[in-house]
Each structure stands twice: as C-alpha cells, then as structure tokens.
Amino acid sequence: MYKERETTRYKDNSFGLIYKNAIQENKKHKVNIHPISYELNGIMIAANIYTPKDYLENGQYQAIVIAHPNGETKEYTSGLYAQKLAEMGYVTITADALFHGESGGTPRNQDIPYFRIEDIRGMVDIISLYSGVDISHIYALGIGEGGGYTLSASQSDKRIQKVAVISMINSGSLRREGIQNIDSDTVIERLIDVSKIREKEIQTNESIRSDEKFVQRNLMDLMIYDPVQFMYLIQQPLLMIIKENDDINYMSEDAYNLAIHTLYKELYEMKNKDYIVDKIVKKLNLFYKGEEK
C-alpha cells in the first residue's frame, strides 16, 4: 500500500529536511528516516516515517501521526517533532498535505478542510500497516492549523487513541471571523466576494490566488468549517498546548471547554521562555506514555 520514495532533488541534503540537527543520513543505532509514497483516494502522497534507534520490525511500538501547519511541508516543523518523538521511542509519520510539497493534486496550494482531515486519516492507514507498530497505540499530533484538522480527524477516526495539539488554529474561525473576531461583521460580504471569484474562475479557466498563493475559492469551504463545533465527539485523552499570552489561545480554550466527553483533558499553558521544542516534546511524551498529572 506504500512504497519507498526517491529523495534525490537535494544535492547536499538528500532528505530535504530544513530544521536544525535534522537527519542527513541513516546510521545504525540512531533514529532513521524512511521516505515513502502512497495513494490516497487515487492521488499520490509523499511522507516520511521515522523509526527509533535500534528499531525492530517485529517490535510493538507506539506510533504518532503528525499534521503540519498551513504553508509548511513535512521537512519543517512537523519533521522536527517527528524526529524528536522518534528519539523517545515512537514510530512517527508526517506527510505533505494534498496539493502541497511533493504530494499530488491540482490546483496547487489549496486549503480544503475535507482533504486536510483525510490526509490525517491516510497517515493512520499507512502507519497501521508499518512493521512493528502496535495498532492499538496510534496517537495524533497537530501543529497550528494542523491542530484544528487533527481535532476533526480524531472526532471521527477512533483508531486515534490519544490527541495532542500545539497552538491550535481553527482555520474556519480564522477565515470567518478573523483573529479575536475582528472580521465578524463582514462574513456575508466576503462570501459574496468569494462567490464572484469562483464565477470568474469558471469564465477564465484560471485559479485566482491570494497574496499567500492559496486558491481564493477555498474560502467557501473554510468559512463553513469549524472543528470546535464537534468537540463533544472526542472521548480520547486530549492535550492542548498553548503559549503564554498568545492571541490565538482562545481557539484552544473554546475547543477544550466543549470537549465534555473525553476521558482526560488538559489545557497546558507554557511560559514564553519554556515554549521550545525540547520542553514541548517532553510534555508530549508524558502525555502519550500516560504519565500526565
């Protein structure tokens, strides 16, 4: 269902990883990276699987699927967390979202909630087939906008046993009301504008994009999307990590308050000085290992 993927597009960095201290080559007794590809709904997805040091194919490893923020790919933040968590003994996977990076799909750079959620389910599909993974211990991690999509995936996909998000961004709320609801009075007007944009695309047969290069008509999907609405469907243990005095913290707080059926939930605010990857990963490890407070 998946196959090895060639990574020859970078002359001096075969894996293309951008973050500090990234794996440059696979070595014995170290975390290794395995570039793979697979089809999801008929479209090719590019992903990286990280295995812990001295990984055994007949082992029983806990696994984590990791969803990247908007505007990034698997080589950035999600790859960093995937490597760090693999160093702690997990098998991890992070994939380029459909329409992004090395994954397929056109037009490029689309942000459509259904597909971002399906990306996460697809990673669960693949990691559940990976040798050595204990399918009863598959967890999820979402970062930024990937956090909101991870909440949505976990609401319906109960193969995900534990859910963690870092600085979760509700993509629907952000596009609909803006940060701190500053754009809430113009929602209808902006939907009318987007409808006109879609009509223009039909007439010209060209995609109209924002300054950030995203396809503008995606706002039709984003403005009616809300992962917080269905938080009552999460019964899995839930960890939501936020940063002190961050403007987007209310998005996590709203989701946390509506997670009324979870077996365990924690909204964990980190001081700015402590909001660094190594300390976040330690907190994640305690949560996934069941050693939370």
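**View 1. His29 in the loop between β1 and β2.** His29 is found in the loop between β1 (2-4) and β2 (32-40), where strands are DSSP runs of E with at least two residues and helices are runs of H or I with at least four, numbered from the N terminus. Although His29 is not a glycine, its phi is positive, about 65 degrees. At 58% relative accessibility His29 counts as exposed (over 50% relative accessible area; buried is under 20% and partly exposed in between, with a 1.4 Å probe and protein chains only). This is a predicted model, in which local features need pLDDT of at least 70, side-chain atom pairs count only at pLDDT 80 or more, and totals for chains, interfaces and linings use all residues. Residues are numbered from 1 along each chain as its sequence is written, and side-chain values use heavy atoms, with hydrogens and water left out.

**View 2. Asn181 in the loop between α4 and α5.** Asn181, found in the loop between α4 and α5, is not a glycine and yet has a positive phi of about 65 degrees. Asn181 is partly exposed, with a relative accessible area of 41%.

**View 3. The cis peptide bond between Thr106 and Pro107.** The peptide bond that joins Thr106 and Pro107 is cis, with omega about -5 degrees. Pro107 lies in the loop between β5 and α2 (113-129).

**View 4. Helix α1 and the residue that follows.** Helix α1 (residues 77-87) is mostly covered, since eight of its eleven residues are buried, among them Leu80, Tyr81 and Leu85. α1 is followed by Gly89, whose phi is positive, near 110 degrees.
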